[in-house]
Amino acid sequence: MLSADNALPDRFTIMDLVRRAAPRIGLKAPVIATLDALLSCLPPRRSHHVVFASNQTLAFRRDGISDRTLRRHFALLEEAGFLTRHDSPNGKRFTRHDRDAGIALRFGLDLAPLFGRLAELTAQAAAVTRQAERLAYLRMKLRAAIARALAHDPADAAALAAQPALRRKLTAEELAAILDTLPRHAPVDTLAERAAPEPEMSATDGQNVRHHQKSKEEIIEKENPPLNIPVLLDACPEAAEFAANPIATPTDVIRHAVTLAPMMGIDRPAYHAAENRLGALPTALTIWLILRLGDKVQRSGAYFRALTTGKRSAGFDPWSVILRMHRSAPA
């Protein structure tokens, strides 16, 4: 869960992203645990991301690992681009302020690179999730194909040879290759082709939603006024800068907002509640709008809930607000 009192994602959200993206990052579980210990030393409200805790404190939070192991983990995190070390002349970690100039020297373990890569980590975690779903689908497809082949011929050599493969970890390419060896009388693709696409659940678990036969794009176009993408990109450049792929359709706007929400301190239940109240596109535009407001919003999570599900949310139209801001902006 994300804190509505802090615009930054909390430690648990960041660690969830790191753990899910771990296969692509190349960090092992002990090093990720050390990163978690570092994040636990950062105060919720801060103007920096520097950890001043001593190695003794960090080792205690890591269940007593040795100082040598701790320093090796720091080096691996720095090599991975999640950490920058600012060492003081005496090796201590502290801050020195110049009150007149309004600046400070901070010596410690700086996690700013990690926070700067949150959008990238989100994309990597999503890619790992998609890959896992693809593997799960292929394994089930293979299992069903084997079952059909053996039901047709209990002595089917290809099906019997494919059975042991299900006990191993296989890549998508290996699973597809095994499927190609099975007889054609055991197709399962027709089931997937005829099945209606599963509707995206717009409510919390346990609630029933009506089945929609139309595509998500058709629903967006029917239930919402036309959206001028160039105007949106021009009016809200802050959100557009985080986009890993071009924003060309309302669906792109929604997908990008879902990626941005955790980085802004907006939790999943709040986002789903807003979708139930406003719809998918207005909820996404609210995310773009809040990013556009920048430092004017002190608590993004609380402000989002106030706009979308609060007492004054009735009649709220984020697109009209964005249009007014765009028209009033200086040329």
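How many helices and strands are there in the protein chain? The chain holds 17 helices and four strands, where helices (H or I, at least four residues) and strands (E, at least two) are DSSP runs, numbered from the N terminus. Before selecting anything, note that this is a predicted model, in which local features need pLDDT of at least 70 and side-chain atom pairs count only at pLDDT 80 or more, while totals for chains, interfaces and linings use all residues. Residues are numbered from 1 along each chain as its sequence is written, and side-chain values use heavy atoms, with hydrogens and water left out.

**The whole chain**

Select helix H1 (residues 11-25), where Arg20 and Asp16, being four residues apart, are separated by about one helical turn. Their side chains meet in a salt bridge (3.2 Å, N to O), a term for a side-chain nitrogen of Lys or Arg within 4 Å of a carboxyl oxygen of Asp or Glu. Arg20 is partly exposed, with a relative accessible area of 33%, and Asp16 is partly exposed at 39%.

Arg19 is partly exposed at 46% relative accessibility, whereas Asp36 is buried at 15%. With Arg11 selected as well, you have a network of salt bridges that links Arg11, Arg19 and Asp36.

**The loop at Asp63**

Move on to Asp63, found in the loop between helix H3 (55-61) and helix H4 (67-79). Asp63 has a positive phi of about 60° although it is not a glycine, and it is exposed, with a relative accessible area of 73%. Most residues other than glycine have a negative phi.

Next select helix H8 (residues 172-181), whose buried residues are Leu175, Ile178 and Leu179. The buried residues of H8 pack against helix H6 (118-152) and helix H7 (157-162), with contact meaning heavy atoms within 4.5 Å. On the face turned away from the buried side, look for the exposed residues Glu173 and Asp180.

**The largest nonpolar core**

Finish with the largest nonpolar core, which has 67 residues; such a core is a set of buried Ala, Val, Leu, Ile, Met, Phe, Trp, Tyr and Cys residues joined through side-chain atoms within 4.5 Å. Leu232, Val253 and Ile287 are among the members that touch the most others, and helix H15 (residues 280-293) gives the most to this core, with nine residues. Centre on Leu232, which touches Leu227, Val253, Leu285, Trp288, Trp319 and Ile322, not counting residues up to four places away in sequence. Apart from this core lies another, of 15 residues, among them Ala162, Leu170, Leu175 and Ile178.

Definitions and conventions
Buried means under 20% relative accessible area, exposed over 50%, partly exposed in between (1.4 Å probe, protein chains only).
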